[in-house]
Amino acid sequence: MKPHRFAATALAALFTLAACAENPIAPAGDASNSVISQSFTRGGSGSYTFTRVDVPGAFQTAPSGINARGVIVGWYFQGTGCPSAPCVVRGFVFKDGGFTTVVYHDNATGTDAAFTQLRGIGPSGEVVGLYRMAGEPVVNLHGFLLTTSGEFVPVKHPDHTNSVAQRILPDGTILGCYHDNDQMGSMHGMLWDKDGFSVLAMATTMNNGATPSGRRITGFFTDAGKGRAYVLEDGQFTPFDAPNSFFTQSWDMNPSGTIVGLAENSTYFRFRNSMARD
């Protein structure tokens with residue numbers, strides 16, 4: 001593995017970020033965040049152009065995954081009085097300039113979920129996410145796979161209350177976590193493939209990204225009350241922290257092994273910061 005390199009940029013607002021939580025990456029809805037720079041150049045190595053991705057009429061839009069074809073998935077909050085009043089949460093697919101709303105449908109009961117989030121998308125368009133049915137406890141989050149033919153396939157560990165499907169690899173392997181009656185203490189990183197489920201023995205872990213082969217996985221965990229990131233490579237668990245940070249979370253990894261995530265540093269007044277590592 002290459003020496004650690006980090007880049008941190010202060011964000012405009014605090015992030016609501018909790019393991020296996022409903023809203024792990026979306027910033028608070030704030031008019032002050034509505035105007036952003038259209039482009040910037042970093043280190044003289046190239047420029048980036050920003051494009052707004054906002055579901056029409058939504059209080060808040062949270063993109064969570066993108067594939068090589070540029071298809072984006074995520075979720076949005078909508079409802080009168082958001083966020084002080086209960087908001088409807090639905091998934092979306094953004095493709096060719098248009099939005100498609102996605103709501104998990106339970107074929108067994110013929111009912112739609114009250115809460116749907118799309119978390120990741122594979123190279124061929126397979127989508128993974130999570131849902132909660134009406135009347136369920138807030139901690140209940142169930143994983144699913146949405147096939148390219150539009151079929152919802154539950155992703156559920158048979159021995160645990162909740163399973164979260166976070167990312168999907170090119171071969172169909174799904175990464176995420178399971179938990180029981182809370183969203184943290186009973187959480188374990190999970191991998192699901194054709195051979196079934198495999199899990200990390202260490203509690204409070206969550207698998208969030210991997211190289212295409214699945215040999216190198218990244219995620220985060222809690223270590224003596226401190227949020228830390230990790231790399232799991234061929235079964236070897238290696239934790240790491242962003243420099244000068246007391247809170248680090250890893251959220252994804254690209255094919256070359258570069259990791260992106262968030263870090264929290266008291267010098268930034270507890271603002272969360274973007275992070276990249278390879």
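Asp 223, Lys 226, Arg 228 and Asp 241 are joined in a network of salt bridges, a salt bridge being a side-chain nitrogen of Lys or Arg within 4 Å of a carboxyl oxygen of Asp or Glu. This is a predicted model, in which local features need pLDDT of at least 70 and side-chain atom pairs count only at pLDDT 80 or more, while totals for chains, interfaces and linings use all residues. Residues are numbered from 1 along each chain as its sequence is written, and side-chain values use heavy atoms, with hydrogens and water left out.

Across the whole structure, a search finds 7 salt bridges, including the following pairs.

| Pair | Closest N to O distance |
|---|---|
| Arg 215 and Asp 234 | 2.6 Å |
| Arg 228 and Asp 241 | 2.8 Å |

Arg 167 in strand E14 (residues 162–168) and Asp 252 in strand E22 (residues 247–253) are 85 residues apart, so that this pair links distant parts of the chain, where strands (E, at least two residues) are DSSP runs numbered from the N terminus. Arg 167 is buried, with a relative accessible area of 10%, whereas Asp 252 is partly exposed at 26%; buried means under 20% relative accessible area, exposed over 50%, and partly exposed in between, with a 1.4 Å probe and protein chains only.

Arg 215 and Asp 234 are both exposed.

Conventions: Helix = DSSP H or I, 4+ residues; strand = E, 2+ residues; numbered from the N terminus.
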